[in-house]
Amino acid sequence: IELKSEDLRAVCELGQGNGGTVSKVLHVPTGKTMARKLVLIDAKPAVRKQILRELQIMHDCRSEYIISFFGAFVADPHICICMECADKGSFDQIYKRIGAIDVDVVAQVALAVLEGLTYLYDAHRIIHRDIKPSNILFNSAGQIKLCDFGVSGELINSIADTFVGTSTYMSPERIQGAQYTVKSDVWSLGITLIELALGRFPFSDDDSERDSDFSEDESDPDADIAHYIANGLSSASSVDTERSFASRDSRDSEESFGEGTLSPRRAPIALPPPTISISSASTASHADTDSTTTPGTSRGAPKLSAPNANSSAAAKKNRRKSRGVSLQGGGMTMSILELLQHIVNEPAPTLPAGRYGAAAQDFVAKCLEKRPEDRPSPKELLGEPWMRSARDDGYDLVAWAETIP
Ligand code: ATP
Ligand code: MG
């Protein structure tokens, strides 16, 4: 079927991300319900055509663990991507609705994600690149499916220009500028699984710390550096830092910034720690970097970019509004930069002992091996004891779906 804008009738909004808006739509000629993602693209017609060509690979991605693709077309200034609609939404929405997710369900999520990743890689040599709870969908038939994988290099490049986000599912090697491999997806899966099991992002916690002492030193030379790096991390040199890191629901309201539960998206910018050494690659390139985006650099990679004209004003504002992200348990407050440093330099998060079985803890620890060489591939992880019992024991996900409003 040939999809056209006129044939799609909007039913309701399903959610908003940094790249665009997703709505439930009815395809009138066929009576089929679809999820329509509108991605704002700042690209020339030739590039748009290229993106559409690249997206066609998704027609061939057929797996019970992958959201089906119905088609894509240009709807200026957007690219419109039509896909299967998951009626129970994404796992971030689910845990925000019902709280921490039962570890047996988390095991089924892990199994489905690994099956999906293995399929994408073995059948199409596709690396997902964006594993996180919002890209793992669920439906009332009890199916768990992946969406939003990186099939189009051109799309990744085009979105990078407008991308705002914190990329906190990024593996240590990615933060340090290494190439993406399927092992980076495994790290992101590890963080995701802990997030689902705890019902919160594993690196953030303890809101009480957030309003704590924040010195307001107007002449701090680090402020500008903070601004460059923050913009670089968001790959959004023209977007002011505050917006870059605001969550989708707070992005239009400065006042709501920093309120509510901290999530990686909400994590505000603070001044950098005195020594910035997220990665030698980025610090080294700082001096000679004055471009905005590097072509071919994938979305979310830490990059440094030129300051805005009002960088010191923005930095000052950030400082005033800044609240750190509290580390799990420790009561330690940290900025986004510190968070990235933390991911690189500190031990990985774990599933807290006691509440979870040894097999689950062991599995997550393997996903979160700091060195990609030590981290198993998705296929290897499918042979882990936790995954074998998840497969053998099964779980009534249809019944579980009924418990989700
Ligand atoms: P980011 O932009 O940082 O990747 P995101 O994944 O939340 O974040 P989108 O991919 O734009 O952003 O999706 C927005 C929301 O829409 C998702 O969080 C999800 O809840 C919902 N959604 C996306 N695709 C579907 C789908 N096929 N079926 C049902 N809901 C969907
Ligand atoms: Mg998504």
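Select Lys-37 first. Lys-37 counts as buried because 22 C-beta neighbours lie inside 10 Å. The cut-offs are these: a residue is buried if 20 or more other C-beta atoms lie within 10 Å of its own, exposed if 12 or fewer, and partly exposed in between, with C-beta atoms placed from the backbone. This is a predicted model: local features need pLDDT of at least 70, side-chain atom pairs count only at pLDDT 80 or more, and totals for chains, interfaces and linings use all residues. Residues are numbered from 1 along each chain as its sequence is written, while chains are lettered from A and ligands numbered from 1 in the order in which they are written.

An unreviewed UniProt entry lists Lys-37 under "binding site". UniProt positions are given in the numbering used here, feature names are shortened, and annotations may be inferred rather than shown by experiment. Lys-37 sits in strand S3, residues 32–40. Helices (H or I, at least four residues) and strands (E, at least two) are DSSP runs, numbered from the N terminus. Now show the contacts of Lys-37. Leaving out residues up to four places away in sequence, they are Gly-20, Val-22 and Ile-81. Two residues are in contact if their C-beta atoms, placed from the backbone, lie within 7 Å.

Select residues 8–16 for S1 and 20–27 for S2. These two strands pair in the antiparallel sense, over seven bridges. Two strands pair if DSSP finds at least two bridges between them. A hairpin of three residues leads from S1 to S2. Click on Ala-10: opposite stands Val-25 in S2. Which residue of S3 is the bridge partner of Val-25? It is Met-34. S2 and S3 run antiparallel too, joined by eight bridges. Four residues lie between S2 and S3 in their hairpin. In that turn, find Gly-31, with a positive phi of about 75 degrees. While the strands are on screen, recall one general point: in a regular strand the side chains alternate between the two faces of the sheet.

**Next stop: ligand 1**

Select ligand 1 and the 25 residues around it. A residue is near a molecule if its C-beta atom, placed from the backbone, lies within 6 Å of it. Gly-15, Gly-17, Ala-35, Ser-90 and Ser-134 come nearest. S1, S2 and S3 each supply at least two residues of this shell. The largest share, three residues, comes from S1. Colour the shell by type: nine residues are nonpolar, twelve polar and four charged. Here Ala, Val, Leu, Ile, Met, Phe, Trp, Tyr, Cys and Pro count as nonpolar, Asp, Glu, Lys and Arg as charged, and the others, Gly among them, as polar.

Select strand S4 (69–75) and strand S5 (78–83). S4 and S5 pair in the antiparallel sense over six bridges. Gly-71 stands opposite Cys-82 in S5. The two strands form a hairpin with two residues between them. Zoom in on Pro-77, in the loop between S4 and S5. The peptide bond from Asp-76 to Pro-77 is cis, with omega near 5 degrees.

**Next stop: the nonpolar core**

The largest nonpolar core holds 78 residues. Such a core is a set of buried Ala, Val, Leu, Ile, Met, Phe, Trp, Tyr and Cys residues joined through C-beta atoms within 7 Å. Met-83, Val-109, Ala-110, Val-113 and Leu-193 touch the most other members. Pick Ala-110. Beyond neighbours within four places in sequence, Ala-110 is in contact with Leu-189, Leu-193, Met-387 and Ala-390. In soluble globular proteins, nonpolar side chains tend to be buried together.

**Next stop: two arginines in one loop**

Go to the loop between helix H3 (103–124) and strand S6 (136–138), and select Arg-125. Its phi is near 55 degrees, a positive value in a residue other than glycine. Is Arg-125 buried or exposed? Arg-125 counts as exposed, because 8 C-beta neighbours lie inside 10 Å. Arg-129 lies in the loop between H3 and S6 as well. The phi of Arg-129 is also positive, near 80 degrees. Arg-129 counts as buried, because 20 C-beta neighbours lie inside 10 Å.

**Last stop: Ser-140**

Select Ser-140, in the loop between S6 and strand S7 (144–146). With 13 C-beta neighbours inside 10 Å, Ser-140 counts as partly exposed.

Now zoom out. The protein has 15 helices and nine strands. Of its 405 residues, 45% count as buried.
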